[in-house]
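Please look through the following note on the model with the coordinates open beside it. Comments on any of the numbered points are welcome.

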Amino acid sequence: MGKAMRATRRPAREGRRVKVGQVGAVPPGRGATVQLKSGAEVALFNVDGEYYAVENFCPHKGFPLADSRLYGNIVECDLHGWRFDVRSGECFTKKSCPIETFTVVVEDGWIYLEI
Ligand code: FES
């Protein structure tokens, strides 16, 4: 996957709130892919009942982080093992490669993303 393709699939900041699903749709310790109308994708994670969202594609070679394994608040890319903090976007494998994070709001049983 080329850099340009990854860039177009990273969500643009639109300054709006998007309803993505009901609380409980993503079990604790798991991730889910959120496909936005623009075609961009966000990885949504449930860390012990708290939801966090990051751009979906690993900055290394573009593997989807939503399909990777979560260890507490750390997602480890399934392809080559790069590790990221889903709360801050920090990359532990290569400090210069953080991922974007998105604010998640839970209201009246629904999960919203601020894009
Ligand atoms: S694609 Fe994620 S670590 Fe290589």
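1. Basis of the model. This is a predicted model, in which local features need pLDDT of at least 70 and side-chain atom pairs count only at pLDDT 80 or more, while totals for chains, interfaces and linings use all residues. Residues are numbered from 1 along each chain as its sequence is written.

2. Confidence. pLDDT, the predictor's confidence in each residue on a scale from 0 to 100, averages 92 over the protein chain, and 93% of the residues score at least 70. Residues 1-7 stay under 50, and the model has five contacts beyond four places in sequence for them; two residues are in contact if their C-beta atoms, placed from the backbone, lie within 7 Å. Where pLDDT is low, the predicted coordinates should not be read in detail.

3. Overall architecture. The protein chain has one helix and nine strands, with helices (H or I, at least four residues) and strands (E, at least two) taken as DSSP runs and numbered from the N terminus. Along the sequence the pattern is α-β-β-β-β-β-β-β-β-β. The radius of gyration, taken over C-alpha atoms with a globule rule of 2.2 Å times the number of residues to the power 0.38, is 13 Å for the protein chain, close to the 13 Å that the rule gives for 115 residues, so the chain is as compact as a globular protein of that length. The C-alpha atoms fill a box of roughly 40 × 30 × 20 Å along the principal axes. Among contacts between residues at least 6 apart in sequence, 46% join residues at least 24 apart.

4. The six-stranded sheet. Six strands form an open sheet in the order β1-β9-β8-β4-β3-β2, with antiparallel pairing; two strands pair if DSSP finds at least two bridges between them. Its edge strands are β1 (17-22) and β2 (31-35), each of which pairs on one side only. The twist averages 30° from one strand to the next, where axes are lines fitted to C-alpha atoms (for helices over the stretch in contact) and angles run from 0 to 180 degrees between N-to-C directions.

5. The three-stranded sheet. An open sheet of three strands has the order β5-β6-β7, again with antiparallel pairing. Since β5 (69-71) and β7 (83-85) stand at the edges with a single partner strand each, one side of each is left without a neighbour in the sheet. Three bridges join β6 (residues 74-76) to β7, and the bridge partner of isoleucine 74 in β7 is aspartate 85.

6. A residue is buried if 20 or more other C-beta atoms lie within 10 Å of its own, exposed if 12 or fewer, and partly exposed in between, with C-beta atoms placed from the backbone; of the 115 residues, 27% count as buried. Beyond its neighbours within four places in sequence, leucine 44 is in contact with residues including Val20, Val26, Val34 and Ala53.

7. Phenylalanine 84. This residue is found in strand β7 and is buried, with 27 other C-beta atoms within 10 Å. Beyond four places in sequence, its contacts include Val54, Ile74, Cys91 and Ile99.

8. Most residues other than glycine have a negative phi, and most peptide bonds are trans. Aspartate 48, in the loop between β3 and β4, has a positive phi near 50° and counts as exposed, with 8 C-beta neighbours inside 10 Å. Aspartate 108 lies in the loop between β8 (101-107) and β9; its phi is positive, about 50°, and with 7 C-beta neighbours inside 10 Å this residue counts as exposed.
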